[in-house]
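Let us walk through this model step by step.

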Amino acid sequence: MKKSLFHIGAVAFAAAVLLAAGSGCRSDEEYRAEAIERARKYLLERSPELTPEQIFFVRYNEPVLMTADVLGNEKRPVDEAITSRQRQLYVSWEIPGTYYHYMVWGVTSRRMDYYYPNRLIRKTFLRTGSLLDPAIALARRYAVNYLQDHLAISEFNEIRYGFPWVIQTNFELESSGSAVNEVSKFPLVQVALAWPMAEESGEAMLFCGTSRTDLTEWKINFAGRVPLKEIEERTVRVLRNPTKGHYTLDMDVIAALDLTGIDQAEPVKPEEPPVDPEAAKITEAVKAVEAEKTPEEAPKAEPFAPEVKIEPAVPEVKIESAEPVEKPAVPEVKIESAEPVEKPAVIPAVPEPVVPEPVIPVTGGAAE
């Protein structure tokens with residue numbers, strides 16, 4: 001009895017150890033599958049506009065996973081991004097027949113454990129390929145690193161995800177900010193990016209800087225909240241409207257720039273390298289020796305006379321056309337129709353005479 005109880009206790013202890021070990025050692029694939037299933041359920045509960053076919057697409061197709069760092073409060077240079085151990089995770093489906101990417105947003109670790117959906121985002125991705133894309137990315141990074149404490153969440157998201165007004169301005173730039181007052185190889189033009197803030201504030205978050213006349217190498221001079229009225233007073237040209245920003249060509253923006261008064265200085269020529277004095281003396285001596293030499297007279301060549309081949313002239317024979325021969329006139333013969341010939345009368349047929357059959361008389365008596 002004691003032995004059986006011992007065996008039962010040992011088996012129970014081993015089962016408890018195995019259960020604890022199994023529950024603690026989960027693979028990354030399991031965490032990933034659970035995260036996707038939570039995102040799938042979250043999306044379907046909040047998307048009543050989907051058709052049955054689109055719902056089936058979400059249920060039975062793998063999503064696209066997009067990650068990014070969670071933003072912090074650490075101050076870093078403008079051209080460096082903030083890093084974090086936590087990650088933003090977007091579980092996204094590009095559903096056929098819809099205009100948007102359905103993205104389920106949440107925060108998790110790199111293993112995707114303890115991921116729980118927080119928000120459903122319907123977003124469109126437009127590849128602009130514009131020369132202003134680096135400038136917009138630089139302004140957004142500047143806002144992430146330095147302006148979070150001065151912006152509400154909605155205003156901050158507007159800068160991160162919205163398209164700005166692109167305008168040419170004439171602000172008085174700070175000499176310590178951009179390289180506007182430095183000697184440049186190319187002329188510079190002042191271009192600003194403006195994101196309107198809340199309507200009741202009457203302000204916009206403005207990022208003002210300078211770039212070349214082809215919109216490249218844009219650098220920030222100053223950034224901050226500026227009243228809309230002041231921006232209107234300082235606006236020279238509106239280059240791009242946010243509502244049509246993704247469809248405006250770069251050549252149209254460049255053509256709209258006002259280059260009046262901008263120094264069109266020529267590029268700075270590179271300095272020539274210093275000349276070694278010893279090498280200069282040797283070069284001069286060689287030139288002097290070559291100047292004293294008298295070149296030998298070369299034999300004069302006979303003038304080139306190309307061979308002319310004269311062919312005998314062929315007299316031109318002019319063949320005149322012979323006079324046309326008149327054909328003899330053929331008298332016209334007029335055939336008149338003959339008078340109609342009367343047909344002879346038809347002679348009636350004469351009937352043949354009927355020959356009567358001979359009649360044999362019959363007499364009485366027997367035949368002999």
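Confidence in this predicted model is lowest in helix α1, residues 2-24, where the mean is 58. Helix α3, residues 52-60, has the highest, at 94. Across the protein chain, the mean pLDDT is 74. Of its residues, 58% reach 70 or more.

Two stretches call for caution. Over residues 177-183 the pLDDT is below 50. Beyond near neighbours in sequence, this stretch has 13 contacts in the model. Over residues 264-270, pLDDT also stays under 50. Here the model has six contacts beyond four places in sequence.

Now look inside. In soluble globular proteins, nonpolar side chains tend to be buried together. The largest nonpolar core here has 27 residues. Leu-193, Trp-195, Phe-207 and Trp-218 have the most contacts inside it. At least two core residues come from each of α4 (133-146), α5 (153-161), β6 (188-196) and β7 (203-212). The largest share, seven residues, is supplied by α4.

Finally, find Ser-47, in the loop between α2 (28-45) and α3. Is Ser-47 buried or exposed? Its relative accessibility is 3%, so Ser-47 counts as buried, the cut-off being under 20%. Not counting residues up to four places away in sequence, Ser-47 touches Tyr-102, Leu-120 and Arg-122.

Conventions: Residues numbered from 1 in each chain as written. Predicted model: local features only at pLDDT ≥ 70, side-chain atom pairs only at ≥ 80, totals over all residues. Heavy atoms only, no water. pLDDT = per-residue confidence, 0-100. Helix = DSSP H or I, 4+ residues; strand = E, 2+ residues; numbered from the N terminus. Contact = heavy atoms within 4.5 Å. Core = buried A, V, L, I, M, F, W, Y, C linked by side-chain atoms within 4.5 Å. Buried < 20%, exposed > 50% of the residue type's maximum accessible area, 1.4 Å probe, protein only.
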